[in-house]
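Subject: Structure handover

Dear colleague,

Please find the structure below. My notes on what was found in it follow.

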Amino acid sequence: MALQNRTGLLAALLIGMSTAMPLPALALDDAEKQEFGAFIREYLLANPEIIEEMQQALEIKKEAETKLLAQAAISSNKDAIFHAPEDIVLGNPDGDVTVVEFYDYNCGFCKRAMSDMITLLDKDPNVRFVLKEFPILGPDSLAAHRVAMSFRALAPEQYGEFHIKLLSSDVRATEAHAIEVAKGFGVDETALKAGMDDPAIDQSIRQTYELANALGISGTPSFVIGDEAVFGAVGEEVLLGKIANMRQCESTIC
């Protein structure tokens with residue numbers, strides 16, 4: 001097979017692989033297929049950067065698809081995401097921009113992101129910050145979040161302080177540890193344990209899992225701001241930038 005023909009076929013193949021588009025059947029006999037396969041291998045070994053470029057293109061494509069799916073999920077679930085009655089709101093309850101955080105009390109990156117939340121609320125008195133209980137790091141996390149949700153029902157006005165105290169702890173969040181933190185705020189232990197069995201807690205956690213799945217959220221912390229799902233502890237400046245864009249153009253990207 002002529003080099004020019006082989007190069008053209010290789011280009012077509014690589015384009016098809018990078019765009020996930022089907023290629024028309026190539027009329028090659030067995031010998032030509034073997035020759036062409038060897039040529040592809042030789043070419044890629046000599047130019048390995050092509051594989052990296054294709055991987056980058058695939059990641060960009062997947063990221064764009066994830067954003068589109070998240071935008072559709074946000075549009076379809078606005079009340080459940082931004083205004084669920086069981087969620088606690090920190091900052092300004094009438095703020096003009098809402099930030100929603102999905103978090104787990106045993107998530108190290110959530111502990112880091114907590115300082116971003118505190119700084120953000122100090123710097124911007126017009127932000128409404130919604131906390132979504134999202135226990136995904138095992139039975140201890142689930143139990144700690146049950147304590148937190150019972151505490152929230154008993155002493156909602158103290159929940160912000162409780163949240164910071166439990167999340168900033170340097171020991172693992174378990175049921176016992178969360179109860180000790182709650183007792184430090186004067187909450188009755190018997191009432192706290194009874195509240196943990198409220199069926200509304202299971203319903204709320206289930207709804208959060210369903211929302212996370214629809215949004216493409218698989219880790220913590222994750223945020224929803226306006227029309228975008230933001231994954232990871234991205235830092236205070238990134239969050240402030242997206243908030244500023246929301247005010248400027250009603251989207252996180254202007």
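Of the contacts in the chain with a separation of 6 or more, 74% are between residues 24 or more positions apart; contact means heavy atoms within 4.5 Å. This is a predicted model, in which local features need pLDDT of at least 70, side-chain atom pairs count only at pLDDT 80 or more, and totals for chains, interfaces and linings use all residues. Residues are numbered from 1 along each chain as its sequence is written, and side-chain values use heavy atoms, with hydrogens and water left out.

Overall content

The chain has 254 residues, and 40% of them count as buried. Buried means under 20% relative accessible area, exposed over 50%, and partly exposed in between (1.4 Å probe, protein chains only). The secondary structure comes to 11 helices and five strands. Helices (H or I, at least four residues) and strands (E, at least two) are DSSP runs, numbered from the N terminus.

The sheet

The five strands form an open sheet of mixed pairing, in the order S1-S3-S2-S4-S5. Two strands pair if DSSP finds at least two bridges between them. Strand S1 (88-91) and strand S5 (228-231) are at the edges and have a single partner strand each, so one side of each is left without a neighbour in the sheet. From one strand to the next the twist averages 25°. Axes here are lines fitted to C-alpha atoms, for helices over the stretch in contact, and angles run from 0 to 180 degrees between N-to-C directions.

Strand S2 (residues 97-103) pairs with strand S4 (residues 222-225) in the antiparallel sense, over four bridges. Phenylalanine 102 has serine 222 in S4 as its bridge partner.

Helices on the sheet

H6 packs on the sheet and touches S1, S2 and strand S3 (127-133), its direction making about 130° with that of S3. Helix H7 (residues 159-167) also lies across S1, S2 and S3, and runs at about 60° to S3.

Helix H6 (residues 139-154) has 16 residues and reaches 23 Å from its first C-alpha to its last, close to the 22 Å expected at 1.5 Å a residue. The expected span is 1.5 Å times one less than the number of residues in the helix. The buried residues of H6 include Ala143, Ala144, Val147, Ala148, Met149 and Phe151, and also His145 and Arg152.

H7 packs against helix H5 (residues 108-123) at an angle of about 140°, with the axes 10 Å apart. The crossing of H5 and H7 is left-handed, that is, the near helix is turned anticlockwise from the far one by less than a right angle (right-handed if clockwise). On the H5 side the contact is made by Cys110, Lys111, Met114, Met117 and Ile118, and on the H7 side by His163, Ile164, Leu166 and Leu167. Cysteine 110 is buried at 0% relative accessibility, and cysteine 107 is buried at 4%.

Helix H3 (residues 49-76) has 28 residues and spans 41 Å from first C-alpha to last, close to the 40 Å expected at 1.5 Å a residue. Its buried residues are Ile50, Met54, Ala70, Ala73 and Ile74.

Glycine 195

Glycine 195 lies in helix H9 (residues 189-195) and is partly exposed, with a relative accessible area of 22%. Leaving aside neighbours within four places in sequence, glycine 195 is in contact with Ser150 and Ile201. Its C-alpha atom is 8.0 Å from that of valine 147, 48 residues apart along the chain.

Lysine 242 is in helix H11 and is buried, at a relative accessible area of 13%. Its contacts, leaving aside neighbours within four places in sequence, are Ile225, Glu228, Val230 and Thr252. Threonine 252 is in the segment after helix H11 (236-249) and counts as buried at 4% relative accessibility. Not counting residues up to four places away in sequence, threonine 252 touches Ile225, Asp227, Glu228, Lys242, Asn245 and Met246.

The structure holds one disulfide (a pair of cysteine sulfur atoms within 2.5 Å). It is formed by cysteine 249 and cysteine 254, with the sulfur atoms 2.0 Å apart. The link is left-handed, with -90° about the S-S bond. Cysteine 249 is partly exposed at 32% relative accessible area, whereas cysteine 254 is exposed at 53%.

Regards
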